[in-house]
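Trainee: I am new to this structure and would like to go through it with you. Could we begin once it is on the screen?

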Amino acid sequence: PFPPPSSPFPSPSPLPPPPRPPSPHSALPPIPQPLTPIPRPFRSASVPTSRQPPRLLLLLAALAALYLLVAVWQTASEPKQWDLGVYRGAARVVADRGDPYEPSQLSAQIDQGSAHLSFVYPPHVASALGAARRAADAIGLPRAEPLAEGIRVDATFFGFLALKLAAAAVLLWIWSALPLASDAGITRAQRLAVLLLVAVAGFHETLLRDLYAGNISVFEQLALWLGFAALLAGAPVVAALSIAAAALVKGPLAVFLPLVLLPPGPGAGSATPPWGRRSLAAALGALCAVALPLLGAATTTLDARGWRTRLAALDERGSSNPSTLSLARDLLGEPLPGGPPSGWPLAVWMVLAAVVAAVSARQLVQRWRVRGRPCLRLEDVLLLTCAASLVLPRFKNYSFLMLVPAATWALLRLGGASRWGLLLLLTVALWEYQALLAATVLWLLLLRAPTEDGHGAPQRAPQSANVASRPVS
């Protein structure tokens, strides 16, 4: 009848019932799991996931465009394009059944402004030039007699310059379509501006060196990058023909032909071509790069020994040919001109080339293991172009045009002092081998490019069963 006495201590709250074990049919929300660190080419403070190019960089690109216009005017008003004079002279010599690799015959057919140069292209290229000259004679086009002083300025001069400018414009447009920036908000016009800045002012003004020299390097790069773009788009036949066309003129570019066997990597946005089509494309490219020179050598009266002699005697170093072999010859004190490289510089170059090739191949294999299959992404192409610039024994200043996309890739991903330091390294030439140093830095940066799995997302730690995965932001 009486209530129980109250306790001075509060009564404990009842415990909740124990949780029931989940059944196979119960729906549980996904449990977030900790992610492993995402590999980055640099520290996260230096490589933000979203960064627009600063206004100063775009302003420098506008100044580079004006500088390019001045350079074009200077090329036309103060006649340059020395290599064009050599091409025209070699065409006349071959059309007259002569030998363009004989210095006396070539010097008699070229302008005095190009007399210090020699013709070092393979015999099938010389035969093609001679056939073009004979075709011009057949339709009645007059021959321009060689000048005793300077370089002749005529319709051929301006037509060749116009073709080079058009090829450079198409090349920049192809580059601007590549996913060089990590931020999707960076427009194509902004990428194009940075590409123009690097091409005009970077690597000892690589694009301007090509315009001044009148070389065909810009046409070679156009064919080569058409091939790379076709590879990333899943068109191996077009890629093989384009790379083979570039290798027909510059044989060392044939090192990129085996890439035709690789399908485009994840995230490329293109279907994977079947293995049979890739194999057929590689065989077709190799056939064009090998059979056509052999056919040209069989149908010409030119002696290939003369070409090999002229090529072996060529000794260019410094800013005109900042290759690894040239640097080794200079550092070891080999006199200039020294003809073919001697033992020690050649051995040093071979060791360095082997190291670069082995490290690059190892990095590609690691990326393929993460992705689950051998495939090709843009970062792989950029890495291989930088490795080629360090491995090839002769790499002229205008050949560094091949590295413009790699430099733009780094500039659009770096931030703060790193970006401006790289820009100064590219554009302010304080050393004749600074372009080679910049290529080495780009190669090292591309070795640390992000590794991605087979689905195009950064690599994650394995998760347990019944745990839903969450996309990485």
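Trainee: How many salt bridges does a search of the whole structure find?

Mentor: The search finds twelve salt bridges, a salt bridge being a side-chain nitrogen of Lys or Arg within 4 Å of a carboxyl oxygen of Asp or Glu. Please note that this is a predicted model, in which local features need pLDDT of at least 70 and side-chain atom pairs count only at pLDDT 80 or more, while totals for chains, interfaces and linings use all residues. Residues are numbered from 1 along each chain as its sequence is written, and side-chain values use heavy atoms, with hydrogens and water left out.

Trainee: Which residue meets Lys-250 in a salt bridge?

Mentor: Its partner is Glu-220, at 3.3 Å from N to O. The two are 30 residues apart and link distant parts of the chain: Glu-220 belongs to helix H8 (residues 217-232), and Lys-250 to the loop between helix H9 (236-249) and helix H10 (275-299). Helices here are DSSP runs (H or I, at least four residues), numbered from the N terminus.

Trainee: Is Glu-220 buried or exposed?

Mentor: Glu-220 is buried, because its relative accessible area is 6%. Buried means under 20% relative accessible area, exposed over 50%, and partly exposed in between, with a 1.4 Å probe and protein chains only. Lys-250, at 21%, counts as partly exposed.

Trainee: And what about Lys-396, which residue does that side chain meet in a salt bridge?

Mentor: Lys-396 meets Glu-316, at 2.9 Å from N to O. Lys-396 is in the loop between helix H14 (378-391) and H15, and Glu-316 is in the loop between helix H11 (304-313) and helix H12 (324-331), so the pair ties together parts 80 residues apart in sequence. Lys-396 is buried at 10%, whereas Glu-316 is partly exposed at 22%.

Trainee: Which residues do salt bridges with shared partners join into one network?

Mentor: Arg-317, Arg-329, Asp-330 and Glu-334 form that network. Within it, the closest N and O atoms of Glu-334 and Arg-329 are 2.5 Å apart, and both of these residues are buried.

Trainee: Changing topic, which residues have the most contacts inside the largest nonpolar core?

Mentor: They are Trp-175, Phe-203, Trp-225, Phe-228 and Phe-256, in a core of 94 residues. Apart from it lies another core, of 16 residues, including Tyr-87 and Phe-157. A nonpolar core is a set of buried Ala, Val, Leu, Ile, Met, Phe, Trp, Tyr and Cys residues joined through side-chain atoms within 4.5 Å.

Trainee: What does Val-404 touch?

Mentor: Leaving out residues up to four places away in sequence, Val-404 touches Trp-175, Leu-195, Val-198, Ala-199, Phe-203 and Thr-206, where contact means heavy atoms within 4.5 Å. Val-404 lies in helix H15 (residues 404-411) and is buried, with a relative accessible area of 0%. The C-alpha atoms of Val-404 and Val-198 are separated by 6.1 Å, although the two residues are 206 residues apart along the chain.

Trainee: Where does Phe-203 lie?

Mentor: Phe-203 is in the loop between helix H6 (188-201) and helix H7 (206-213). Phe-203 has a positive phi of about 55 degrees although it is not a glycine, and it counts as buried at 1% relative accessibility. Most residues other than glycine have a negative phi.

Trainee: Is Arg-97 buried or exposed?

Mentor: Arg-97 counts as exposed, at 63% relative accessibility. Arg-97 also has a positive phi, of about 65 degrees, and sits in the loop between helix H2 (82-95) and helix H3 (103-107).
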